[in-house]
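Subject: Handing over a structure, with notes on what was found

Dear colleague,

I am passing on the structure below, which you have not worked with before, and I would be glad if you kept it open while you read the notes that come after it.

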Protein chains: 2
Amino acid sequence: MSDPLGQVFGALADPSRRHVLGFIAERGTATATELTGELPITRQAVAKHLATLAGAGLVESERQGRETRYRLTEAGEEWDDRLDALRRHLERRKP
Amino acid sequence: MSDPLGQVFGALADPSRRHVLGFIAERGTATATELTGELPITRQAVAKHLATLAGAGLVESERQGRETRYRLTEAGEEWDDRLDALRRHLERRKP
DNA sequence: GTACCATGCAACCATCGGGTTGCTCATAAT
DNA sequence: ATTATGAGCAACCCGATGGTTGCATGGTAC
């Protein structure tokens with residue numbers, strides 16, 4: 001809908017989605033079923049989250065045989081970094 | 001609900017809310033009714049947006065007589081700056 | 001070829017979110 | 001004292017969202 005910033009913020013607003021982003025970031029790549037083991041939700045729910053992240057341009061997929069591997073886009077990597085920075089920013093400023 | 005980052009991202013996901021943030025940023029301070037003139041929505045809708053922004057810690061209010069003036073918190077100012085930077089970031093990388 | 005495994009798709013459900021209208025309350029302004 | 005203005009409920013509407021279950025499909029492995 002032509003509100004790129006809105007889509008990105010919307011995507012990052014959900015904790016599961018941030019977790020997914022972080023997990024892919026440290027693994028380099030992941031599939032929906034792999035991610036499912038990491039979260040207390042079904043594979044289909046994970047798939048939806050991945051679709052949202054893809055819609056926001058943070059993640060992209062490539063089908064390899066019977067599985068679909070996701071990896072971060074450049075924007076996704078930038079945001080993963082920013083998230084780290086933000087978390088540290090919060091830690092430092094709170095206690 | 002103890003997901004500070006989520007609340008902030010959620011707050012920033014909405015264009016009206018980003019507009020409100022920017023408007024207060026350049027004015028220094030604003031009331032709900034003032035803001036209403038800036039957006040195609042009712043005063044009550046604006047009030048809800050302000051409540052959301054306040055909940056995310058981006059804005060704070062102070063009642064002065066019969067009006068309630070809102071201004072940015074420190075976090076709010078930081079985010080307003082980051083938003084500017086992000087927009088410029090997007091402009092530069094797209095065309 | 002048969003069985004298995006990761007996906008994809010669709011319907012459905014409950015909650016949330018952005019928005020509205022309508023009314024009351026308190027503080028100015030006259 | 002009356003009126004006008006700004007704010008604060010509360011109830012309601014409806015579309016989006018996070019989640020589920022159930023089933024169909026297409027590769028892989030035997």
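This is a predicted model: local features need pLDDT of at least 70, side-chain atom pairs count only at pLDDT 80 or more; totals for chains, interfaces and linings use all residues.

The same surface serves both copies, since 100% of the contact residues of chain B recur in chain A.

Where the chains meet, twelve residues of chain B are in contact with twelve residues of chain A. On the side of chain B that touches chain A, the elements giving two or more residues are helix H1 (4-12) and H5 of chain B, and H1(B) provides the largest share, with six residues. By class, this side of chain B divides into eight nonpolar, two polar and two charged residues.

The surfaces near the DNA

Around DNA strand C there are 20 residues, and the closest of them are Thr31(A), Thr33(A), Thr42(B), Ala45(B) and Gly65(B). Two or more residues of this surface come from each of helix H3 (32-36), H4 and E2 of chain A and from H4 of chain B, with H4(B) giving the most, five residues. The surface near DNA strand C has four nonpolar, ten polar and six charged residues.

The surface near DNA strand D is made up of four nonpolar, ten polar and five charged residues.

The hairpin in chain A

In chain A, strand E1 (residues 59-64) and strand E2 (residues 67-72) run antiparallel and are joined by six bridges. Within this pairing, Glu60(A) stands opposite Arg71(A) in E2(A), while Gln64(A) has Glu67(A) as its bridge partner. The two strands form a hairpin with two residues between them, and in the turn Gly65(A) has a positive phi of about 60°.

In soluble globular proteins, nonpolar side chains tend to be buried together. In this model the largest nonpolar core has 37 residues, and those with the most contacts inside it are Leu53(A), Leu58(A), Leu53(B) and Leu58(B). If residues up to four places away in sequence are left out, Leu53(B) touches Ala11(B), Arg17(B), Val20(B), Leu21(B), Leu58(B) and Val59(B).

Is Glu78(B), a residue of chain B, buried, exposed or partly exposed? Glu78(B) counts as partly exposed, because it has 14 C-beta neighbours inside 10 Å. Glu78(B) is found in helix H5 (residues 74-93) of chain B, and its C-alpha is 15 Å from that of Ala54(B), a residue 24 positions away in sequence.

With best wishes

Conventions
Residues are numbered from 1 along each chain as its sequence is written. Chains are lettered from A and ligands numbered from 1 in the order in which they are written. Helices (H or I, at least four residues) and strands (E, at least two) are DSSP runs, numbered from the N terminus. A residue is buried if 20 or more other C-beta atoms lie within 10 Å of its own, exposed if 12 or fewer, and partly exposed in between; C-beta atoms are placed from the backbone. Ala, Val, Leu, Ile, Met, Phe, Trp, Tyr, Cys and Pro count as nonpolar, Asp, Glu, Lys and Arg as charged, and the others, Gly among them, as polar. Two strands pair if DSSP finds at least two bridges between them. Two residues are in contact if their C-beta atoms, placed from the backbone, lie within 7 Å. A nonpolar core is a set of buried Ala, Val, Leu, Ile, Met, Phe, Trp, Tyr and Cys residues joined through C-beta atoms within 7 Å. A residue is near a molecule or strand if its C-beta atom, placed from the backbone, lies within 6 Å of it.
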